[in-house]
Amino acid sequence: MTDFHTYPAPAKINLFLHITGQRADGYHLLQTVFRLLDFSDTLQLRVREDGEVNRITDVPGVPAERDLCVRAARLLQQHTGCKRGVDIKIEKRIPMGGGLGGGSSDAATMLLALNHLWDLQLDRQTLITLGLQLGADVPVFVFGQNAWAEGVGEKLSPISLNPAWYVLLTPQVNVSTAEVFASKELTRDTKLTTIADFSRGMVHNDLETVVCQQHPTVGASLSWLNQFSPARMSGSGASVFISVDSQAEAEAILAQVPSKIAGLPVFSCVAKGLEKHPLYDLVKNV
Ligand SMILES: C[C@@](CO)(OP(=O)(O)O)[C@H](O)COP(=O)(O)OP(=O)(O)OC[C@H]1O[C@@H](n2ccc(N)nc2=O)[C@H](O)[C@@H]1O
Ligand SMILES: Nc1ncnc2c1ncn2[C@@H]1O[C@H](COP(=O)(O)OP(=O)(O)O)[C@@H](O)[C@H]1O
């Protein structure tokens, strides 16, 4: 039997998120900037020759058959006819359903790593297209660079971002992405914006108002961070963040985070913005 190989699955934040329309199938059109972070889950993978896809670790609340890691491996088998399998150990750090893309990033890491371990030789664009079948957030992690995104998050262009440190708060509430997008109160007609407007800070997160109405602790977390710097929600929440210039400043703020906000426990961490996904070079571009 071969050994386990270790692969990171980094989190992302949405530096802004505008909802600009809706497709006939109900999915929303958006504009966003994805920033990759040095805060990650870790996957350990061991190739099997019998074709079985086996998740060894228990992930509370996520049965193996629904796990995006398992689904990514099966999708690759179906697409390529590959007869190999894999044992999967997952070390979750990224809070689930927190708007930090943890499940999507795990799936993308599976696609990148198994393409390599199973010697499938698929190119990046093929893996991006497969990733989109698993979720709207999967493509950017396969793309592997900070990105300006349109469509439902699959039209990606690389964007150069300044070095930054972030303080992240994730209040422990369950925010359903599907419910937030389905809300009657959600505005879906934000005018198309430009990179120039983004650089001037003239952007926002359209999902923030809806999530704060449904979950006051998210609004309270934004207010708490706002005393240091303008805070924003990532994706469909519940995570909120601020950007600061140094690790020392970020750590000093982190040390002051209360254990509860609006009566609910809050997870907090500091993360550095990445320039590229750590597995960027694992796959060919064409
Ligand atoms: C909002 C964003 C921003 O990055 O991130 P998260 O907060 O989830 O991290 C993404 O667009 C989320 O992507 P992801 O979490 O992969 O969503 P999916 O599983 O594809 O979709 C969950 C549900 O949300 C709705 N949905 C999702 C994306 C989209 N552009 N329009 C939608 O209407 C659909 O009802 C869908 O069934
Ligand atoms: N490996 C996984 N890690 C986390 N969540 C997963 C995983 N597989 C499936 N899921 C499901 O996907 C949902 C969204 O997860 P995640 O990507 O972490 O959050 P978000 O979409 O808010 O950024 C979870 O609530 C969970 O039910």
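Where does Met-96 lie, in which loop between a strand and a helix?

A: Met-96 lies in the loop that runs between strand 4 (85-91) and helix 2, where helices (H or I, at least four residues) and strands (E, at least two) are DSSP runs numbered from the N terminus. The model is a predicted one, in which local features need pLDDT of at least 70 and side-chain atom pairs count only at pLDDT 80 or more, while totals for chains, interfaces and linings use all residues. Residues are numbered from 1 along each chain as its sequence is written, and chains are lettered from A and ligands numbered from 1 in the order in which they are written.

Met-96 is partly exposed because 14 other C-beta atoms lie within 10 Å; a residue is buried if 20 or more other C-beta atoms lie within 10 Å of its own, exposed if 12 or fewer, and partly exposed in between, with C-beta atoms placed from the backbone. Apart from its neighbours within four places in sequence, Met-96 is in contact with Gly-61, Gly-102 and Gly-103 (two residues are in contact if their C-beta atoms, placed from the backbone, lie within 7 Å). In UniProt, an unreviewed entry lists a "binding site" whose residues include Met-96, Gly-102, Gly-103 and Ser-104; such positions are given in the numbering used here, feature names are shortened, and annotations may be inferred rather than shown by experiment.

With 27 C-beta neighbours inside 10 Å, Ser-104 counts as buried, and, residues up to four places away in sequence not counted, Ser-104 touches Leu-68, Gly-135, Asp-137, Val-138 and Phe-141.

The surroundings of ligand 2 take in part of this region: 19 residues surround ligand 2, and the closest are Leu-68, Gly-97, Gly-102, Gly-103 and Asp-106, where a residue is near a molecule or strand if its C-beta atom, placed from the backbone, lies within 6 Å of it. Helix 1 (68-80) and helix 2 (102-117) each supply at least two residues of that shell, and helix 2 gives the most, with 4 residues. The shell around ligand 2 divides into 5 nonpolar, 10 polar and 4 charged residues (Ala, Val, Leu, Ile, Met, Phe, Trp, Tyr, Cys and Pro count as nonpolar, Asp, Glu, Lys and Arg as charged, and the others, Gly among them, as polar). Domain 1 (5-159) and domain 2 (165-272) both give residues to the shell around ligand 2, so ligand 2 lies between them; the domain bounds come from an automatic or database domain assignment.

As for the two domains themselves, their C-alpha centres lie 23 Å apart, and the contact takes 22 residues from domain 1 and 31 residues from domain 2. On the side of domain 1 that touches domain 2, strand 1 and strand 2 each supply at least two residues, and strand 1 gives the most, with 10 residues. That side of domain 1 comprises 11 nonpolar, 10 polar and 1 charged residues.

Of the 79 residues in the largest core, Cys-69, Leu-111 and Tyr-166 touch the most other members, and the largest share, 8 residues, comes from strand 1. The core draws at least three residues from each of domain 1 and domain 2. Among the contacts of Tyr-166, leaving aside neighbours within four places in sequence, are Ile-13, Leu-37, Phe-241 and Ala-250.

Methods
Core = buried A, V, L, I, M, F, W, Y, C linked by C-beta atoms within 7 Å.
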